[in-house]
Amino acid sequence: MSSEDRFKGKTVVVTGAGGEGATPRNRRAPQAGPARRGTGQVLASEFARMGARVVAVDLIGESAQRTVDLIAKESGDAIAVEANVASTAEVDQIFERAEAAFGRVDIVVNNAGLGSLAAVVDTDDALWQSILDVNLTGPFLISRRALPGMIDAGYGVIVNLISIAGIVGGRTGAAYTASKHGLVGLTQNIAVAYGGQGIRCVGVCPGLIRNEPVCAGPEIAAATENRLSKGHATNFRAGTPEEVTAVVTFLASEAASFINGAIIPVDGGWTAA
Ligand SMILES: NC(=O)c1ccc[n+]([C@@H]2O[C@H](COP(=O)([O-])OP(=O)(O)OC[C@H]3O[C@@H](n4cnc5c(N)ncnc54)[C@H](O)[C@@H]3O)[C@@H](O)[C@H]2O)c1
């Protein structure tokens, strides 16, 4: 099977598919100028190029539509859905739109994320809640809505975009680290609970990716920067959305049929140091 056919006949939901970066600044409006190649956008485009029907979900409908337009230019099949992954009602709408357009959802990629470098004392209630909502509650709500159809079909794959912040404690902010550690647990729990029913759930943990710094909270305090810099000194280089996407598409494919519950760093060796 050529890579163009890898996902033929499969429907893939990609969240954060506008690829506008995990920052609130970017969530207000799409960036002017040439399209950013954010991870979500590269993921959606690659799945479409490999034959999947893609449901491109983003909080910013315009940026999801821009991804769909790019896919259409290359003769791919995709629809855009504007939705907040942290809302149960909006997650329902994602699946209603997906099922109406394409039928059953086979693969879900939980990519939407919100970053913060703020340490505990600099993290107010609203920041804590917003990070947990998008990074942890979002994948939970999406998985809960996707799983019944996957169980009926005896087939499904959920890939969670985590971060090395899900594996180590000291490379980014408190809320972000806690949310991504939680997502590691959710990934492994789903893998074990549903693995016997033909469903796989895996996590990908990117290091620093060269599209946008993952920083959303209040200005990073000097003290936090000093603490983080120890871990940052061991980062050999930043990666690209394409390098992350190559791993996600492999994990979602049948070539990875015996990989379930794995948490895979894609960080150029950062967490090995
Ligand atoms: N960029 C990095 O260096 C890096 C490193 C490690 C992990 N990650 C993780 O990878 C994923 C992608 O990050 P990225 O920085 O490449 O971003 P990205 O370019 O893929 O853009 C993320 C998208 O998510 C959307 N989004 C935000 N909140 C949403 C919500 N509530 N509902 C729906 N969509 C929402 C944004 O509008 C944006 O378009 C995230 O989960 C992030 O935590 C990123």
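1. Let's start in the core. The largest nonpolar core holds 75 residues, and Val-14, Val-54, Ala-56 and Val-57 have the most contacts inside it. A nonpolar core here is a set of buried Ala, Val, Leu, Ile, Met, Phe, Trp, Tyr and Cys residues joined through C-beta atoms within 7 Å. Buried means that 20 or more other C-beta atoms lie within 10 Å of a residue's own, exposed means 12 or fewer, and partly exposed is in between, with C-beta atoms placed from the backbone.

2. A word on the model before going on. It is predicted: local features need pLDDT of at least 70 and side-chain atom pairs count only at pLDDT 80 or more, while totals for chains, interfaces and linings use all residues. Residues are numbered from 1 along each chain as its sequence is written.

3. Which residues does Val-57 touch, not counting those up to four places away in sequence? They are Val-13, Val-14, Thr-15, Ala-17, Ala-64, Val-81, Ala-83, Val-85 and Ile-94. Contact means C-beta atoms, placed from the backbone, within 7 Å.

4. Now the sheet. Seven strands form an open sheet with parallel pairing, in the order β3-β2-β1-β4-β5-β6-β7. β3 (77–82) and β7 (263–266) are at the edges with a single partner strand each, so one side of each has no neighbour in the sheet. From one strand to the next, the twist averages 15°. Helices (H or I, at least four residues) and strands (E, at least two) are DSSP runs, numbered from the N terminus; strands pair if DSSP finds at least two bridges between them.

5. Val-14 also has a place in this sheet: its bridge partner in β4 is Val-109. Strands β1 (residues 11–15) and β4 (residues 107–110) pair in the parallel sense over three bridges.

6. Helix α3 (residues 61–73) packs on the sheet, where it touches β2 and β3, and its direction makes about 175° with that of β3. Helix α8 (residues 241–252) lies across β4, β5, β6 (199–206) and β7, at about 165° to β6. Axes are lines fitted to C-alpha atoms, for helices over the stretch in contact, and angles run from 0 to 180 degrees between N-to-C directions.

7. Finally, take a look at Ala-165, in the loop between β5 (156–161) and α6 (174–194). Is Ala-165 buried or exposed? Ala-165 counts as buried because 26 C-beta neighbours lie inside 10 Å. Beyond neighbours within four places in sequence, Ala-165 is in contact with Arg-171, Thr-172, Tyr-176, Thr-177 and Lys-180.

Technical notes:
Contact = placed C-beta atoms within 7 Å.
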